[in-house]
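Trainee: I'd like to learn how to read a model like this one feature at a time. Can we begin with a single residue and work outwards?

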Amino acid sequence: MHTACLEMTSKFISIPLKSSEITPHSLYLSRREFLKAAGLVTGSALLAACAPQATATAFPVKKDEFGEPANSFEDITHYNNFYEFSENKEAVNKLSKDFKSHPWTVEVYGLVNKPKTYAIEDLLKKFQQEERIYRLRCVEAWSMVIPWMGFPLASLLKEVEPTSDAKFVRFETLMDTKQFPREGSHLYPWPYQEGLRLDEAMHDLTILATGLYGQSLPTPNGAPIRLVVPWKYGFKSIKSIVKIELVDKQPGTFWKRINRKEYGFYSNVNPNQPHLRWTQVSERRIGEFSPRPTLMFNGYAEQVALLYEGMDLDVNY
Amino acid sequence: MKKIFTRYTPLQIAMHIYAWSALVILIFNFFTDNLSANPIQALEQRTGRHAITLLVLSLACTPLNTLFKWSELLKRRRALGLYAFMYATIHVMIFVNLDYGLAWSLIIQTIFEKPYIVVGATGFLMLIPLAITSFDIWKKRLGKTWKRLHQTIYLIAPLLILHYAWGKKGDFFQLRGEIIRPLIYGLIVIIFLIFRIPPVRKALASLRDRVLFLFRKRNLQPETDSH
């Protein structure tokens, strides 16, 4: 029943909602109430089916597999690295209010048999949206637990059928100075680009996120669609994607172009690989006072360590 | 109120208000949970920025006096320098106490792992003797040594600005990333330091006098016409 509710919300993902209209603690209900008040929901049977459960359990706190509670919607949407808007994490939310994430298309092309440009609605319809509660570890030594909605990147890649020459996946953010004012700055190599090795991209943990706390992805978090690779530092998880290209060579990435010594292609969360600026041995979970130790591969070692077997992680950082 | 204005100059009042209100605002924001989702980092960054700003202001006094004959500035140097030291101290305390929770082995490991912290810590340690000897008794007691000791600020300031620049994301030499603010502070300090080189200072002073002379002459002429 719970998943039925989630699916329902995701169907209404294109309805423009301001995040300010939703209180962080009662996300599901408030969204539903808002929709009801606005007269937008007609599937009242399904709604009625969801409601009793929602009220009975009084919104159980979402937790990751370690039992760590998710950060609040407020924190997740008001502390964002999104340099297309600002270098100031706290300024992003306000500056991104007018961003238009609709209409939106994602072009999947390159070394594939069936290149295709998908409208965001098609991606939401075609691929089952599921909730994934992941830890996000920023290279700046802070972290959060975030309940994403999305689907495995592998599902999309299988659709377009990568050829045998495809070895890497290259991602690109929208380039539009009207929407992203800071893309006019010459201090950065716009547009934002990221890359994964094909096996990393095909890994089940790697998702394209389209939502957060059961509602459509807020702009500060990369609306309408962004990558989430939970065992890598946050900057690998590129936001507001418009292009996904299958390539045969390791693609250049945004931060590596700025400072190749500090931001490697792999950028796996690794407490043993010191960074010039921030401690990587420990991290501060947003909302907590004391630092906590950083885990190898951000706590996903069991699932992903195999990908890097036999690789020297000090060289391939 | 009148007394305040007769006893203190507007510049003095502005300086003290800036230095203390910044601290009050920080403390207020900390306790009302208005320092972003990561308040400890925000405290660290903002106290550091105030320290650098006050340091740059204290260094600006002498060259601005050279340029504009504004001698009151020379009397403000000490207070500005001490305020800079106050913020630097709070900045270091936050780093050691709040950010690293007095975990000394981790602090020491971090310091030596990250050149920007080595540079910052060196600059801070070098500030301590300057702050201690900033009072008149020490000035008298140390005589010529005092001046030489306090001239080390010309070394400390670039170190601290390097610390600031290095702590930001980007690459200075490629002119990429978050470099604007540290670059501006760095350029200001470099220009001020150039102003202090004796021949440059003399040239600037004579230029200033010539400009002042021309200015007065031009102002005088219409007056003589009207008579």
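Trainee: Take Ser36(B): is it buried, exposed or partly exposed?

Mentor: You count neighbours: a residue is buried if 20 or more other C-beta atoms lie within 10 Å of its own, exposed if 12 or fewer, and partly exposed in between, with C-beta atoms placed from the backbone. Ser36(B) has 19 other C-beta atoms within 10 Å, so it counts as partly exposed. One caution before we go on: this is a predicted model, so local features need pLDDT of at least 70 and side-chain atom pairs count only at pLDDT 80 or more, while totals for chains, interfaces and linings use all residues. As for names, residues are numbered from 1 along each chain as its sequence is written, and chains are lettered from A and ligands numbered from 1 in the order in which they are written.

Trainee: What is the phi of Ser36(B), and where in chain B does this residue lie?

Mentor: Its phi is near 65°, which is positive in a residue other than glycine. You'll find Ser36(B) in the loop between helix 2 (10-31) and helix 3 (39-68) of chain B. By the way, helices (H or I, at least four residues) and strands (E, at least two) are DSSP runs, numbered from the N terminus. Now compare Lys69(B), which is not a glycine and has a positive phi of about 55°. Lys69(B) sits in the loop between helix 3 and helix 4 (72-99) of chain B. With 12 C-beta neighbours inside 10 Å, Lys69(B) counts as exposed.

Trainee: Zooming out, how many helices and strands does chain B have?

Mentor: There are 11 helices and two strands. Reading from the N terminus, the order is α-α-α-α-α-α-α-α-α-β-β-α-α. The C-alpha atoms of chain B fill a box of roughly 80 × 45 × 45 Å along the principal axes. Of its 227 residues, 22% count as buried.

Trainee: How do I read the packing of helix 9 of chain B with helix 10 of chain B? What is the angle?

Mentor: Two packed helices are described by the angle between their axes and the distance between the axes. The axes are lines fitted to C-alpha atoms, for helices over the stretch in contact, and angles run from 0 to 180 degrees between N-to-C directions. Helix 9 (residues 153-166) and helix 10 (residues 180-196) of chain B pack at about 165°, with axes 9 Å apart. Those two helices are therefore roughly antiparallel (under 35 degrees is roughly parallel, over 145 roughly antiparallel, 65 to 115 roughly perpendicular, the rest oblique).

Trainee: Which residues of helix 9 and helix 10 of chain B meet?

Mentor: Contact here means C-beta atoms, placed from the backbone, within 7 Å. From helix 9 of chain B, Tyr154(B), Ala157(B), Pro158(B), Ile161(B), Tyr164(B) and Ala165(B) meet Pro182(B), Tyr185(B), Gly186(B), Val189(B) and Leu193(B) of helix 10 of chain B. That contact divides into 10 nonpolar, one polar and no charged residues (Ala, Val, Leu, Ile, Met, Phe, Trp, Tyr, Cys and Pro count as nonpolar, Asp, Glu, Lys and Arg as charged, and the others, Gly among them, as polar).

Trainee: And at what angle do helix 3 and helix 10 of chain B pack?

Mentor: About 30°, with the axes of helix 3 and helix 10 of chain B 9 Å apart. Among the residues making this contact are Ile52(B) and Val56(B) of helix 3 of chain B, and Tyr185(B) and Val189(B) of helix 10 of chain B.

Trainee: Over to chain A. In what order do the strands of its open sheet run?

Mentor: Strands of a sheet pair through backbone hydrogen bonds, either parallel or antiparallel. In chain A, five strands form an open sheet in the order 2-1-10-5-6, with mixed pairing. Strand 2 (116-119) and strand 6 (193-197) of chain A are at the edges with a single partner strand each, so one side of each has no neighbour in the sheet. Two strands pair if DSSP finds at least two bridges between them. Strand 1 (residues 105-110) and strand 2 of chain A run antiparallel and are joined by four bridges, and Val108(A) stands opposite Lys116(A).

Notes:
Two residues are in contact if their C-beta atoms, placed from the backbone, lie within 7 Å.
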